[in-house]
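Trainee: Could you take me on a close look at the charged pairs in this structure? I would like one connected account, with the cut-offs spelled out as you go.

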Amino acid sequence: MHNRNFIEKAGAFKAASDNKLLIVAPDTSPRGVEIEGDSDSYDFGTGAGFYLNATEAKWATNYKMYDYITKELPALINSTFKTTGKAGIFGHSMGGHGALTIALKNTGVYSSVSAFAPICNPMNCPWGNKAFNGYLGGDKGKWEEYDACELMKKTSSAPFPDILIDTGDADNFYTEKQLLPENFKEACNSKGQKVTMRMQPGYDHSYFFIATFVEEHIAYHAKYLK
């Protein structure tokens with residue numbers, strides 16, 4: 001399961017403990033259900049739910065990862081643990097896309113947001129086109145509801161004090177125009193939203209990249225959550 005990647009490889013928990021933060025690592029897709037074609041590729045189905053609510057009939061019953069993250073999971077967390085009521089959100093790659101879009105659609109819920117190598121503008125990259133066509137169909141109005149650039153453009157004012165994004169300049173998905181962080185920076189600039197966008201030389205898309213900078217991201221969130 002993809003949530004195990006972060007748990008086992010990111011090296012985040014000492015920093016979380018030092019900052020007295022609770023880290024929750026949700027999965028990428030529904031489990032325990034089999035749908036024809038759901039395991040045919042790494043970038044769709046069981047490998048990539050894209051943190052949206054699917055509307056295409058084949059996927060609509062189970063692929064409601066947006067509702068899971070914004071409704072079911074917070075209710076479970078708050079009923080299980082003693083929390084302050086404050087929350088931040090961050091993720092990597094498709095998870096970074098999820099963090100940005102969920103934060104922008106729920107600006108009163110999250111105090112902080114950051115991402116590692118996020119898919120910033122899925123409407124304009126191959127990964128996003130494949131996922132959105134599959135889960136949402138051909139109506140691009142639906143696509144806009146899960147695209148960080150489009151959501152930022154629709155905000156009336158800057159919703160966060162800052163947004164932290166790290167991307168490696170040796171990330172093949174960056175060079176292949178799957179991530180498009182520059183498009184998100186442009187959208188942020190149009191709304192006066194501060195975004196700390198760091199291009200990390202020599203780093204690729206791997207968990208070595210995340211493990212190197214995850215403590216800085218946790219410290220960034222801690223600043224807003226305390």
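Mentor: Happy to! Let's begin with Lys154 and Glu145, which form a salt bridge whose closest N and O atoms are 3.1 Å apart; the term stands for a side-chain nitrogen of Lys or Arg within 4 Å of a carboxyl oxygen of Asp or Glu. Before we go on, please keep in mind that this is a predicted model: local features need pLDDT of at least 70, side-chain atom pairs count only at pLDDT 80 or more, and totals for chains, interfaces and linings use all residues. Residues are numbered from 1 along each chain as its sequence is written, and side-chain values use heavy atoms, with hydrogens and water left out.

Lys154 counts as partly exposed because its relative accessibility is 47%; on this scale buried is under 20% relative accessible area, exposed is over 50%, and partly exposed lies in between (1.4 Å probe, protein chains only). Glu145 also meets Lys105 in a salt bridge, at 3.6 Å from N to O. Helices (H or I, at least four residues) and strands (E, at least two) are DSSP runs numbered from the N terminus. Both partners are partly exposed, Lys105 because its relative accessibility is 28% and Glu145 because its value is 32%. Lys105, Glu144, Glu145 and Lys154 are linked in a network of salt bridges, and the structure as a whole holds 10 salt bridges.

Now for another pair. Asp166 and Arg198 form a salt bridge with their closest N and O atoms 2.7 Å apart. Asp166 lies in strand 3 and Arg198 in strand 4 (residues 196–200), so this pair ties together parts that are 32 residues apart in sequence. What about cover? Asp166 counts as buried because its relative accessibility is 0%, whereas Arg198 is partly exposed, with a relative accessible area of 24%.

You will find Asp162 in the loop between helix 8 (148–154) and strand 3 (164–168). Asp162 is buried yet has no salt bridge, and the nearest side chain of opposite charge, Lys194, is 4.0 Å away. For charge, Lys and Arg count as positive and Asp and Glu as negative, while His and the chain ends are not counted. What Asp162 does have is a polar contact of 2.8 Å between its side chain and that of Thr196; such a contact is a pair of N or O atoms within 3.5 Å where, within protein, one must be able to donate a hydrogen and the other to accept it, and residues adjacent in sequence count only if both atoms are side-chain atoms. Leaving out residues up to four places away in sequence, Asp162 touches several others, among them Val113, Lys194, Tyr220 and Tyr224, where contact means heavy atoms within 4.5 Å.

Asp171 sits in the loop between strand 3 and helix 9 (172–175) and counts as buried because its relative accessibility is 0%. Beyond residues up to four places away in sequence, Asp171 touches Ala117, Leu179, Tyr203, Asp204 and His205.
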